[in-house]
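I opened this model to go through its fold, cores, pockets and backbone. My entries follow in that order.

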Amino acid sequence: MRNISDIIEQYLKNILQDSSEGLIEIQRNDLADKFSCVPSQINYVISTRFTLEKGYLVESKRGGGGYIRIQRVELPAQFALNGHFHQHIGDEINQTAAEGLIYQLEEAGFLNRREAALVKAAISREVLLIKLPYRDQIRARMLKAMLISVLGK
């Protein structure tokens, strides 16, 4: 059974997908009322599942007329992905940022579920049993090589 965080995340993704502007503005309290939860639950979902690494830009305004604006950040066209990887990944990348990029690529349809799982497994800290910063440097090299190989089709 899905938990409330999964349900809220899916709801927000659905209304974001239906948005013609590619962004949504929500009221934290209204959303909390809709799902019969506390507003901090909404904060948790947004801060953990709608991050820049996962392809979302979040802006928040507190106060009486406050809102939360969520915008989907689109990946560049496939022909520009190689340059995007070199710029975004750089010479090193931590596991959280790498997994966020993989998630974004899977969500955008550039990677299928199996490819995403294979790449995640190969770059995990459990596999790369090397001390920092070398682990993040090797992860960056492996990630770029794998993504260029898989997406260069």
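**Fold.** I counted 7 helices and 3 strands in the protein. Helices (H or I, at least four residues) and strands (E, at least two) are DSSP runs, numbered from the N terminus. Along the sequence I read the pattern α-β-α-α-β-β-α-α-α-α.

**Ground rules.** The model is predicted, so I took local features only at pLDDT of at least 70 and side-chain atom pairs at pLDDT 80 or more, while totals for chains, interfaces and linings use all residues. Residues are numbered from 1 along each chain as its sequence is written, and side-chain values use heavy atoms, with hydrogens and water left out.

**Burial and surface.** I looked up how much of the protein is buried (under 20% relative accessible area; exposed is over 50%, partly exposed in between; 1.4 Å probe, protein chains only). Buried residues account for 39% of the 153 residues. The accessible surface is about 9200 Å², and carbon and sulfur atoms hold 51% of that surface. Those areas come from the Shrake-Rupley method with a 1.4 Å probe.

**Contacts.** I took pairs at least 6 apart in sequence; 60% of their contacts join residues at least 24 apart. Contact means heavy atoms within 4.5 Å.

**Cores.** Which residues have the most contacts inside the largest nonpolar core? They are Ile-89, Leu-105, Leu-143 and Leu-147, in a core of 17 residues. Helix 4 (81-89), helix 5 (95-107), helix 6 (113-122) and helix 7 (134-151) are the elements giving two or more residues to this core. Helix 5 gives the most, with 5 residues. Another core lies apart from it; its 16 residues include Ile-26, Tyr-56, Ile-68 and Ile-70. My core rule: buried Ala, Val, Leu, Ile, Met, Phe, Trp, Tyr and Cys residues joined through side-chain atoms within 4.5 Å.

**Largest pocket.** I noted a volume of about 230 Å³. A pocket here is an open set of points on a 1 Å grid over the protein atoms alone, where a 1.4 Å probe fits, with protein on both sides within 12 Å along at least five of seven lines; lining residues have an atom within 4 Å of a point. Volume is the space filled by probe spheres set on the points, which are joined across faces, edges and corners. The lining has 10 residues, and Lys-13, Gln-17, Tyr-56, Arg-72 and Glu-107 lie nearest the centre. Helix 1 (residues 4-18) gives the most to this lining, with 5 residues. By class I found 2 nonpolar, 4 polar and 4 charged residues.

**Second largest pocket.** The volume is about 200 Å³. Helix 5 supplies the largest share of the lining, 5 residues. Among the lining residues are Glu-53, Lys-54, Tyr-103 and Lys-120. The classes are 1 nonpolar, 3 polar and 5 charged.

**Backbone.** Most residues other than glycine have a negative phi, and most peptide bonds are trans. I logged two exceptions to check. The Leu-132 to Pro-133 peptide bond is cis, with omega near 5 degrees. Pro-133 sits in the loop between helix 6 and helix 7. Ser-36 is not a glycine, yet has a positive phi of about 50 degrees. I placed Ser-36 in the loop between helix 2 (28-34) and helix 3 (39-49). Is Ser-36 buried or exposed? Ser-36 counts as exposed, at 70% relative accessibility.

**His-88.** I found His-88 in helix 4. His-88 is partly exposed, with a relative accessible area of 38%. The C-alpha atoms of His-88 and Glu-53 are separated by 9.9 Å, with the two 35 residues apart along the chain.

Note on methods. Nonpolar A, V, L, I, M, F, W, Y, C, P; charged D, E, K, R; others polar.
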